[in-house]
Amino acid sequence: MNEKKKTNTMTTGFGIPVGDDQNSLTAGERGPVLMQDVHLLDKLSHFDRERIPERVVHAKGAGAGGYFEVTEDVSKYTKAAFLSEVGKKTEVFARFSTVGGEKGSADAARDPRGFAVKFYTEEGNYDFVGNNTPVFFIRDPLKFPDFIHTQKRHPATNCKDADMFWDFLSLTPESTHQVTILFSDRGTPATYRNMNGYSSHTYKWYNEDGEYFWVQYHFKTDQGIENLTREEAEKMSATDPDHATRDLYEAIERGDYPSWTLEMQIMTPEEAEEYRFDITDITKVWPHGDFPTIKIGKLVLNRNPDNYFAEVEQAAFSPANLVPGIGISPDKMLQARVFSYHDTHIHRLGPNYNLIPVNRPKNSPENSYQRDGFMRVDGNGGSGPNYWPNSFNGPSPDPDALEPPFEVSGLAQRTPYTHPNDDFVQPGNLYRDVMDDEARTHLVGNIVSHLSGAVKRIQLRQAALFFKADPDYGTRVAEGLGLDVQKVKELAEMTKEERAKATEE
Ligand code: NDP
Ligand code: HEM
């Protein structure tokens, strides 16, 4: 018995046995605590530093491990090794999240859901960092910090603020498509298992012959889409703010492993030239009728993390983590994202975050000349050379890993998207052709319930955007808010600038 006890003795952070963990060391029974209670000091100072910065967006989330299996030969489109043959399996770690709320916020909030998957491939880690919506609110990264501020708390009241939220969106007409999806019942998925994941952006795939293709990823839930109504979501937020986190954990515990079928839309560069929508505009989808999806693989989550902080909180996903065969498109948002994630990870987790076990490229060990830095806790490259080029057998670059050259041209200038398609065609199609009567009624009810918290001039401006997508849509929102429908119609006929002027404070 003594033997067993000894192997499980509590120690300090330095492995020294602890004799008493209930009573601080004091001068006399009631006397002041002594400086020399090093166990107490160590315990408190570690506790004092337990919190790391939460993610500036997507702070609340849940994660799980699993695998991805290829089910279709896609080698003519990409040379990515993990996609090279049917039946090939790659270990993954996935994290789902809400976007705007803090780490303790409710899982049932109306918000896009993050859908991030790290593939531990033999060519290093490939990160898919998408959302459950196929489009986004904005298409220029300069707008991202402002947009996110409007989804957070008011600078004075520290409360969520409907004026901030709708003021920005109503002055940003390209957001109408994403706003329509967000305020449909898809804005409150029943669980993380019951939603799809989309790349939203266009990415590039290139093959062994250097040919390239534009692609969009669609992870379709095998559990079926299920959503909460506004009333159900409000009740869930109040009674069980962690419902989706718990649902994912419990499903995996009982062996009911969630899975998603990966379907791709694939377009040649020639098709993109002629295409009626700009493929670098993230506020647009590629209609299925133009580019049907092709099923290529299956994602299965079958392992719960042993420790939430170690794996889920410290997980760091980045759209910059691409493997040979996969590249980015000129989408301005995506170009900015390849900077922002690595930058925030260094802030959130430190410069050696890539070596934390969940982030470590476990199937292609890191073999670089990066050295030192805070929390370098592995062998730091040992006695090997720490510079390149060298003549001591250090790792050398492999030209096969290069992306084929691609053309760029044009004047350096700041320009808006100019492709001749407007921002209201696709939300209009969604409202008219995809939604049924019940979905339209829920959409209008969800918008009216939220937009009624904003001042009237902002309501008018936003209703005009819905009117531009579809007159029935705009009219129903206006009526629900008690607005003058004729005034909304007039605002809808104005330019963006005129509408802003006509609804200034
Ligand atoms: P389709 O009729 O071929 O596809 C419509 C798709 O809409 C469905 O496949 C489903 O996507 C999705 N959908 C259904 N209900 C909702 C909802 N409440 N909110 C958002 N999406 C929903 O038409 P198109 O491809 O021509 O697209 C028409 C519109 O559908 C688009 O303007 C876009 O708003 C929306 N959509 C299109 C997608 C695409 O990639 N083409 C993807 C998702 C939405 P899924 O099968 O992915 O569940
Ligand atoms: C998280 C920036 C657009 C999906 C984050 C984080 C930042 C960020 C700083 C926190 C990362 C971390 O702390 O680990 C940006 C910027 C964008 C942008 C600057 C636009 C310019 C998008 C878009 C999508 C997306 C369009 C989806 C298509 C995600 C996801 C996460 C995330 C899923 C959470 C990843 C995780 O689970 O850890 N983003 N983002 N973001 N972003 Fe974005």
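This is a predicted model: local features need pLDDT of at least 70, side-chain atom pairs count only at pLDDT 80 or more; totals for chains, interfaces and linings use all residues.

## Around ligand 2

Which residues come nearest to ligand 2? Of the 28 residues around this ligand, they are Arg-55, His-58, Arg-95, Gly-114 and Pro-141. The elements that contribute two or more residues to the shell are strand S2 (89-98), strand S3 (113-121), strand S4 (124-131) and helix H10 (332-349). By residue class, the shell divides into 14 nonpolar, 10 polar and four charged residues.

UniProt lists Tyr-341 under "binding site", in an unreviewed entry.

Is Tyr-341 buried, partly exposed or exposed? It counts as partly exposed because 17 other C-beta atoms lie within 10 Å, while a buried residue would need 20 or more. Setting aside its neighbours within four places in sequence, Tyr-341 is in contact with Phe-317, Ser-318, Pro-319 and Ala-320.

## The loop between H10 and H11

Now follow the chain onward from H10 to the loop that lies between H10 and helix H11 (425-434), where you will find Pro-389. The peptide bond leading from Trp-388 to Pro-389 is cis, with omega near 0 degrees. For background, most peptide bonds are trans, and most residues other than glycine have a negative phi.

Two asparagines are also worth a visit. Asn-380 lies in the loop between H10 and H11, and it has a positive phi of about 60 degrees although it is not a glycine. Asn-393 has its place in the loop between H10 and H11, and its phi is positive too, at about 65 degrees, although it is not a glycine.

How do their surroundings look? Asn-380 counts as partly exposed, because it has 15 C-beta neighbours inside 10 Å. Asn-393 has 8 other C-beta atoms within 10 Å, so it is exposed; the cut-off for that class is 12 or fewer.

## The annotated domain

To finish, step back to a longer stretch of the chain. The unreviewed UniProt entry carries the annotation "domain: Catalase core" for residues 11-396.

How much of residues 11-396 is helix, and how much is strand? The chain there is 22% helix and 19% strand. The end C-alpha atoms of this stretch are 44 Å apart.

Methods. Residues are numbered from 1 along each chain as its sequence is written. Chains are lettered from A and ligands numbered from 1 in the order in which they are written. A residue is near a molecule or strand if its C-beta atom, placed from the backbone, lies within 6 Å of it. Helices (H or I, at least four residues) and strands (E, at least two) are DSSP runs, numbered from the N terminus. Ala, Val, Leu, Ile, Met, Phe, Trp, Tyr, Cys and Pro count as nonpolar, Asp, Glu, Lys and Arg as charged, and the others, Gly among them, as polar. UniProt positions are given in the numbering used here, feature names are shortened, and annotations may be inferred rather than shown by experiment. Two residues are in contact if their C-beta atoms, placed from the backbone, lie within 7 Å.
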